[in-house]
Amino acid sequence: MAVLIQFAIGLVFGLGLIVSGMSNPAKVLNFLDVGGIPAGTWDPSLAFVMAGAVAVTFLGFNRVLKLARPFFARRFYIPTRTDIDPRIIVGPTIFGIGWGMAGFCPGPALTALGFGSVSALIFVAAMCVGMLLARFIAHLPSVTRYVAPADPVET
Amino acid sequence: MTVTFFTPLASLLGGALIGLSAVLLMWATGRIAGVSGIAARLFPPYEDGEFAGRFAFVAGLVAAPVAVRLATGSLPEQTIAAGLPVLIVAGVLTGFGSVWGSGCTSGHGVCGLSRLSVRSLVATGTFMAAGTVTVFVMRHWS
């Protein structure tokens, strides 16, 4: 049951990406292209996606987190770190460069797979290699000792 | 480049659906709807017994366009301009960076900002800036 619900929740996320236009990398790139502002080709749609998503999530989290526990789990798993370490700058910098090159971030890339796109398949395969590499390096004993991440993939 | 059109209403509505999904996942599993974190945890080492749920969420993401095509008979426009070398390099950087930085557009951008997390605010500002600079260099410096 919980697994079926999570499939449905992923489906809603994917529908949101399609309705919002974010499954189209061209729209993302035209948002990131500030050179398009004077040229008249800038597409501000992504800002509206973020606004809609953050508004609903902000209100929804406030209500849900007042519950004693989640429906299918024993407790809420909320990130608690507040420190600004090098990884919270270096990681998003590397991610942002990849995002700006192709116009795909992880969610839209996965949804693009369902369009039957070979380009998306190549991107997702490469993305999985990058994810594995990051997890591998984060779990190396030397890195764990000196960098001491709480959880390498904690959001 | 491909010209796209500003779609304020559809984008606001689609964004609200993404937010609804994040709220539902928190309600159901108590976890952040961060796609990079969910996808990366499909690979070992496995730290908990949540593989099936994560796999189902990702399957839902991939199934969404299939559902749209079944329901409406068509799919919205999708233009992927990047060639093979760019796709591979961009994919590796996106996968590595999002895991190294503990999140992507959904985990930091949507969920993190909604929780007023300072780490997520720093991360979101950083990947927005890096993406903007990258597009500028690729489109206007050649």
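Is Phe57(B) buried or exposed, and how many C-beta neighbours does Phe57(B) have inside 10 Å? I took this up as my opening entry, keeping in mind that the model is predicted. I found 30 C-beta neighbours inside 10 Å of Phe57(B), and because the cut-off for a buried residue is 20 or more, Phe57(B) counts as buried.

I then looked up where this residue sits, and Phe57(B) lies in helix 3 of chain B, which covers residues 51–72. Leaving out residues up to four places away in sequence, I noted that Phe57(B) touches Gln6(A), Phe7(A), Ile9(A) and Gly10(A), together with Ile38(B). I also checked Val35(B), which is 22 residues from Phe57(B) along the chain, and the C-alpha atoms of the two are separated by 9.0 Å.

Next I turned to the side of chain A that touches chain B. I recorded that 108 residues of chain A are in contact with 109 residues of chain B. Helix 1 of chain A gives the most to this side, with 18 residues, and the elements that give two or more residues include helix 4 (45–64) and helix 7 (118–138) of chain A. By class, I have this side down as 71 nonpolar, 29 polar and eight charged residues.

My last entry concerns chain A as a whole, which has eight helices and zero strands. I noted that 52% of the 155 residues of chain A count as buried, and that the C-alpha trace spans about 50 × 40 × 30 Å along its principal axes. Among contacts in chain A with a separation of 6 or more, 39% are accounted for by residues 24 or more positions apart.

Conventions. Residues are numbered from 1 along each chain as its sequence is written. Chains are lettered from A and ligands numbered from 1 in the order in which they are written. This is a predicted model: local features need pLDDT of at least 70, side-chain atom pairs count only at pLDDT 80 or more; totals for chains, interfaces and linings use all residues. Helices (H or I, at least four residues) and strands (E, at least two) are DSSP runs, numbered from the N terminus. A residue is buried if 20 or more other C-beta atoms lie within 10 Å of its own, exposed if 12 or fewer, and partly exposed in between; C-beta atoms are placed from the backbone. Two residues are in contact if their C-beta atoms, placed from the backbone, lie within 7 Å. Ala, Val, Leu, Ile, Met, Phe, Trp, Tyr, Cys and Pro count as nonpolar, Asp, Glu, Lys and Arg as charged, and the others, Gly among them, as polar.
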